[in-house]
Amino acid sequence: MTELLIRRRKGMTSVKEMPVLQDGPPPGGFPAVRYARRIPNSGPGGVAIFLVASAVVSYGLYQVGQGNGKRRAYKQEKFEARKAILPFIQAEEDARFVREKQKYLEEEARIMANVPGWKVGESVYHTKKWRPPAARRIYADYQ
Amino acid sequence: MSSEEGAAVAPYIPVTTSSVLMSANKHFAHFCRAQNKAFLDCKRADPNPEKCLHKGLDVTSCTLSVLKELHEKCPKEMDAYAKCMDYYGNEFKLCRKQQQEFENACPLKA
């Protein structure tokens, strides 16, 4: 029924006389579609691109070298400062260690007073070289 | 301070935090070179702490005297530099301004 409303013409006697209504091309046909390749040969050549890329990379690596020099200088400054400070900190720690060791030895003497043949502060090693304490007990002032 | 009539001022005791020590490192390297070297040579010879106590005392007293002298000569610049170092975690390159002012106020040749 809607077909009749759309495709009706004057003087029609039957639906077989309705004109054909199709979706079709415009008059003259569609314009031609281009499918051929068009890759131009203009622009910089390979040598030019290579040279520009090399220049950029070289500049970047040069900047990397400069940066490394700067970082080395910063590290040097930091290490020189630490070298200057190290003896003071070590001396303080030595004094603290000796104080704590005295307390530790007194405690050991008190505990082992009744044990015959016990040498207070005897080294557990045979060597005469300095060895840091084996039992990690000289940290009394951190409790 | 208003009380000037004979009131004893407490002697300045340097606070040896890492930022203060790092701020004054060039002065330690310059003024306490001999004591530091002697102590480190002693430690290299014998790492036993009890053997190098006297040289360690030299190092400690030299360091503290350097800090006292810096406090007398340029307290403001020293405190500003130490505060900046404390804020930035002992990064020298972030405290260049304060470092310059400190080194102008208390040069190493003093």
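At what angle do the axes of helix α5 (residues 75-87) of chain B and α6(B) cross? In this predicted model, they cross at roughly 155° and come within 9 Å. Axes here are lines fitted to C-alpha atoms, for helices over the stretch in contact, with angles running from 0 to 180 degrees between N-to-C directions. The two helices are therefore roughly antiparallel to each other. Angles over 145 degrees count as roughly antiparallel, those under 35 as roughly parallel, 65 to 115 as roughly perpendicular, and the rest as oblique. The crossing of α5(B) with α6(B) is left-handed; that is, the near helix is turned anticlockwise from the far one by less than a right angle. On α5(B), the contact (heavy atoms within 4.5 Å) is made by B:Glu77, B:Met78, B:Ala80, B:Tyr81 and B:Cys84. On α6(B), the partners are B:Gln98, B:Gln99, B:Glu101, B:Phe102 and B:Ala105. By class, this contact has six nonpolar, two polar and two charged residues. Ala, Val, Leu, Ile, Met, Phe, Trp, Tyr, Cys and Pro count as nonpolar, Asp, Glu, Lys and Arg as charged, and the others, Gly among them, as polar.

Chain B has six helices and zero strands. Helices (H or I, at least four residues) and strands (E, at least two) are DSSP runs, numbered from the N terminus. The C-alpha trace of chain B spans about 50 × 45 × 25 Å along its principal axes.

A further helix pair joins the two chains. Helix α2 (residues 46-111) of chain A and helix α4 (residues 53-73) of chain B have axes that come within 9 Å and cross at roughly 130°. α2(A) and α4(B) are therefore oblique to each other. Their crossing is left-handed. From α2(A), A:Pro87, A:Phe88, A:Ala91, A:Asp94, A:Ala95 and A:Val98 make the contact. From α4(B) come B:Leu53, B:Gly56, B:Val59, B:Thr60 and B:Thr63. Seven nonpolar, three polar and one charged residues form this contact.

On a 1 Å grid over the protein atoms alone, a cavity is a set of points where a 1.4 Å probe fits but cannot get out; a pocket is an open set with protein on both sides within 12 Å along at least five of seven lines; lining residues have an atom within 4 Å of a point. Grid points are joined across faces, edges and corners, and a volume is the space filled by probe spheres set on the points. The structure holds two cavities of 30 Å³ or more. The second largest cavity contains about 60 Å³ of space. Its lining includes A:Glu77, B:Tyr81, B:Phe102 and B:Glu103. The lining has three nonpolar, four polar and three charged residues.

The second largest pocket contains about 290 Å³ of space. Among its lining residues are A:Glu80, A:Lys83, B:Arg33 and B:Lys37. α3(B) gives the most to this lining, with four residues. The lining divides into three nonpolar, two polar and five charged residues.

Residues are numbered from 1 along each chain as its sequence is written, and chains are lettered from A and ligands numbered from 1 in the order in which they are written. Local features need pLDDT of at least 70, side-chain atom pairs count only at pLDDT 80 or more, and totals for chains, interfaces and linings use all residues, while side-chain values use heavy atoms, with hydrogens and water left out.
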